[in-house]
Amino acid sequence: MYNREIRGALVEGNKTLGQISTDILSPMDKRPGIWWFIGMGLATIATFWGLYAMYYTIRFGIGTWGVNNSVGWGWAIINFVWWIGIGHAGTAFSIFLLILRQKWRTSINRAAEAMTVVAVGCAALFPALHMGRIWLAFYIFPYPNTRGPLWVNYNSPLFWDFIAITAYLLISFSFWYLGMLPDFATIRDRATSKVKKAVYGFFAMGWTGSSKQWLRFESLSFVLGGIAAVLVVSVHSIVSTDFAVSVIPGWHTTLFPPYFVVGAIFSGFAMVLTLTIVMRKLFNLQDYITSNHLNAVCKILIFISLIMGTAYATEVFIAWYSANPYEIFTFFHNRITGDYAFQFWAMVICNALIPQLFWFRKVRRNLTFVFIISLFINLGMWYERFNIVVTSLSKDYLPSNWSAYSPSITEIGIYVGTLGMFVAGVLLFFRYIPVIAASEVKSVWKAGEEGEGDKDEQHIR
Amino acid sequence: MTMDGKYIVGIFDEEKQVNKFIHALRAQNLFLAEAYTPYPVHSVLEAVKKRTRLKLAAYFYGLFGAAAVLAFLYYTAVISWPINYGGKPFNSFPSFIIITIILTILIVTLTSLATFSARGKLYPGKVAEIVHQRATDDKFVLIVKEDSQTDLHALFSSNGATEITERDTIPPEE
């Protein structure tokens, strides 16, 4: 089949099935290295700073942030969109690559899904805190109440957003957990310690790998995969409508939904690269996450980077072509030049130009370069959101309204806190959950070798 | 599942041998009674002669979910307490579609998972009935009901089964 020539072997080394289990599951038996404790320590400190900043926000109100009447959305929404974007990788990996029958996804999807769940959790904190009076958060649920009943406004993208994020979190968690059932059962059956057997046995839900279970498992993966594919596109489209339906120069454009969805997948895949490069190094998983896998992700990133570049160019072109003075001002005098030119050019360079280095095979095969470029993309995507949120709000129609924005220490603290939570979540995942979907790798382990694999191409795994 | 007649259990190390065995088994017009594999092997899933209607159920959950959400939105926004948002119609259908799609996906996911759990009797803390300790690791466990016409032991061993045992019962299907 086609992937034989292009991808090479999906699992390197001459493994047996038992060895695959051992290689993937053995890091969980050992005490993690010193790096784990250092990382966890730093993440815990960051988390505590974040929790304190959240407490401070709730105790004293949004006035502790740098936002003002003109720039009503600051770091909170920037970081919200950034985290949600990163959270798109897991589903994109699992679902799009599942639908496209890309078997190489099996080594990476578990980590990408874990990242999704943690990142979406981090993201959800921001709008909740930005509500100001978080104890009234339940008002956003459409429930029968004694105020009329007063129902929520279904025309509001903010309500769509709430629905989308909640659904996305629940669904990506379900999908992730479903995929882990067979692996938990493997751990249960291999465990020698009683505690481990009991704990993983509890979470394995009585999985035995019987034919009926696999039949249902495959059907369910297919169903969840099929419908969640819609979700990957719709969630970030909805996030983009938070901006696009408001009549603010630089926001009010139909380009936003595709632009945001592609941007989300871009930052998500970059974060997957960052994470898997670290993961394969720390756990010696080079045979499973091969340079062929990372190479494939890099190639996708070139393509997405080109789309991002096109989107940036389109925005600027349409601003000029519309001859709308406010649009022209925003793009040409407040983004390309002006107070926020640095953020604009940082975005263009990190997202549209630097990833073009992946055209060179030597760069794609040099993991140090790949790692550094992936960090640049993460940074560039953050600047993109800063660029969108702050430039448009700081100088809108009325010059007397203009205002500058810089974050307060509280806002920075919340952001650092979510970074800490993310790292802590990922480290816990590394420690207690098989980082690669062992049962899925087993099913493709001979794919890519001569005369094996791909005979069940019509079946979706 | 208790029935008269014994079950022959064969353990395989490789998928290739499993496929060969199933080919031979099907040539005798026999089916597998049950199989435990570390990953879904499609020849096995075809040879157990079982099917699942989970996809069909999910389809109906989706229909039900979409109708229920739309009805709820219509009831709350048009009947229960209509509010004029800038002159937009109470029944602002295009906005409703977005919410309906997302909530339908959520409903299908949750109900399908519930069905998966209920039908397969899979729930946290359930004690698994393990036929072979390594079936979730690296062994393929195939179980065939005894047949008077065929020497199953020979069929198993000639196709590379490393271990052949007999059982009186097999765990219930779920």
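1. Extent of the interface. In this predicted model, 63 residues of chain B are in contact with 63 residues of chain A. The size of an interface is often expressed as the accessible area lost when the parts come together. Here, the area buried between chain B and chain A is about 5700 Å², and carbon and sulfur atoms give 69% of that area.

2. Polar and charged interactions. Between chain B and chain A there are two salt bridges. One of them joins Arg190(A) to Asp137(B), with the closest N and O atoms 2.6 Å apart. Polar contacts between chain B and chain A amount to 19 residue pairs, with both residues at pLDDT 80 or more.

3. Elements on the chain B side. Which elements of chain B each supply at least two residues of the side that touches chain A? They are helix H1 (15-27), strand E2 (34-36), helix H2 (42-47), helix H3 (54-80) and helix H4 (93-119). The largest share of this side of chain B comes from H4(B), with 15 residues. By residue class, the side of chain B that touches chain A divides into 32 nonpolar, 14 polar and 17 charged residues.

4. Domains of chain B. The assignment divides chain B into domain 1, which covers 7-51 + 128-167, and domain 2, which covers 54-119. The C-alpha centres of domain 1 of chain B and domain 2 of chain B are 45 Å apart.

5. Aromatic pairs. Over all chains, the structure holds 52 aromatic pairs. Among them is the pair of Trp75(A) and Trp382(A), which is edge-to-face, at 5.1 Å centre to centre and with 75° between the planes. This pair links distant parts of the chain, 307 residues apart: Trp75(A) belongs to helix H4 (residues 75-86) of chain A, and Trp382(A) to helix H15 (residues 367-394) of chain A.

6. Backbone geometry in chain A. Most residues other than glycine have a negative phi, and most peptide bonds are trans. Two sites in loops may be examined with this in mind. The peptide bond joining Gly148(A) and Pro149(A) is cis, with omega about 5°; Pro149(A) lies in the loop between helix H6 (109-130) and helix H7 (157-190) of chain A. Ala323(A), although not a glycine, has a positive phi of about 60°. The place of Ala323(A) is in the loop between helix H11 (291-322) and helix H12 (325-333) of chain A.

Note on methods:
Residues are numbered from 1 along each chain as its sequence is written. Chains are lettered from A and ligands numbered from 1 in the order in which they are written. This is a predicted model: local features need pLDDT of at least 70, side-chain atom pairs count only at pLDDT 80 or more; totals for chains, interfaces and linings use all residues. Side-chain values use heavy atoms; hydrogens and water are left out. Contact means heavy atoms within 4.5 Å. Buried area is the accessible area (1.4 Å probe) that two parts lose on being put together, summed over both. A salt bridge is a side-chain nitrogen of Lys or Arg within 4 Å of a carboxyl oxygen of Asp or Glu. A polar contact is a pair of N or O atoms within 3.5 Å; within protein, one must be able to donate a hydrogen and the other to accept it, and residues adjacent in sequence count only if both atoms are side-chain atoms. Helices (H or I, at least four residues) and strands (E, at least two) are DSSP runs, numbered from the N terminus. Ala, Val, Leu, Ile, Met, Phe, Trp, Tyr, Cys and Pro count as nonpolar, Asp, Glu, Lys and Arg as charged, and the others, Gly among them, as polar. Domain bounds come from an automatic or database domain assignment. Rings of Phe, Tyr and Trp (its six-membered ring) pair if their centres lie within 6.5 Å; planes under 30 degrees apart count as stacked, over 60 as edge-to-face and the rest as tilted.
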